[in-house]
Amino acid sequence: ERLQAGKRALPMLVLVAVGSLWPVLLPGIHSCASCLCACALFSRLASELVLAHMTGEEYPKALPSLVLWPLLFILGLLGLLDSGPLGTLLAWTSAVYCTIDAVGYAADVIEEVATHLGVSVLKVRPREE
């Protein structure tokens with residue numbers, strides 16, 4: 001039971017830890033891309049929590065996007081993110097990937113919740129005359 005609780009808390013702990021340490025240890029190094037990663041990952045985790053609560057599904061699911069941000073943080077600590085265009089490319093590619101993952105998952109959550117409630121949200125029904 002403790003292992004399960006730790007598994008559930010890990011994504012939020014990673015989010016809080018990297019989000020808190022980035023501005024302290026890596027001030028000014030791709031802070032916009034880091035902020036975009038943080039926002040996207042928080043949205044993704046919040047959507048997943050809502051879906052897990054409403055449907056009883058397992059939380060957390062596989063979160064490949066959550067691995068990228070701590071990896072970027074480690075690369076930044078090693079001095080590899082501030083080394084020109086490659087660091088910029090890595091930071092912004094990760095930020096865009098996290099954002100696309102969050103938007104895609106949010107669309108899935110909206111569809112799941114709508115199905116659970118029996119309403120049609122993302123589909124337009126033809127008019128009945």
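## Confidence

The protein chain has an average pLDDT of 85, and 98% of the residues score at least 70; pLDDT is the predictor's confidence in each residue, from 0 to 100. Among the chain's elements, helix H2 (residues 31-55) has the lowest mean pLDDT, 87, while H3 has the highest, 89. Helices here are DSSP runs (H or I, at least four residues), numbered from the N terminus.

This is a predicted model, where local features need pLDDT of at least 70, side-chain atom pairs count only at pLDDT 80 or more, and totals for chains, interfaces and linings use all residues. Residues are numbered from 1 along each chain as its sequence is written, and side-chain values use heavy atoms, leaving out hydrogens and water.

## H3 and H4

Look at helix H3 (residues 64-77) and helix H4 (residues 85-117): their axes come within 9 Å and cross at roughly 160 degrees. Axes are lines fitted to C-alpha atoms, for helices over the stretch in contact, with angles from 0 to 180 degrees between N-to-C directions. H3 and H4 are therefore roughly antiparallel (over 145 degrees; under 35 is roughly parallel, 65 to 115 roughly perpendicular, the rest oblique).

Who touches whom (heavy atoms within 4.5 Å)? On H3, the contact includes Leu68, Leu72 and Leu75, and on H4, Tyr97, Cys98 and Asp101 are among the residues.

## H1 and H3

The axes of helix H1 (residues 2-25) and H3 come within 10 Å, crossing at roughly 30 degrees. That makes H1 roughly parallel to H3. Their contact includes Trp22 of H1 and Trp69 and Phe73 of H3.

Conventions. Helix = DSSP H or I, 4+ residues; strand = E, 2+ residues; numbered from the N terminus. Contact = heavy atoms within 4.5 Å.
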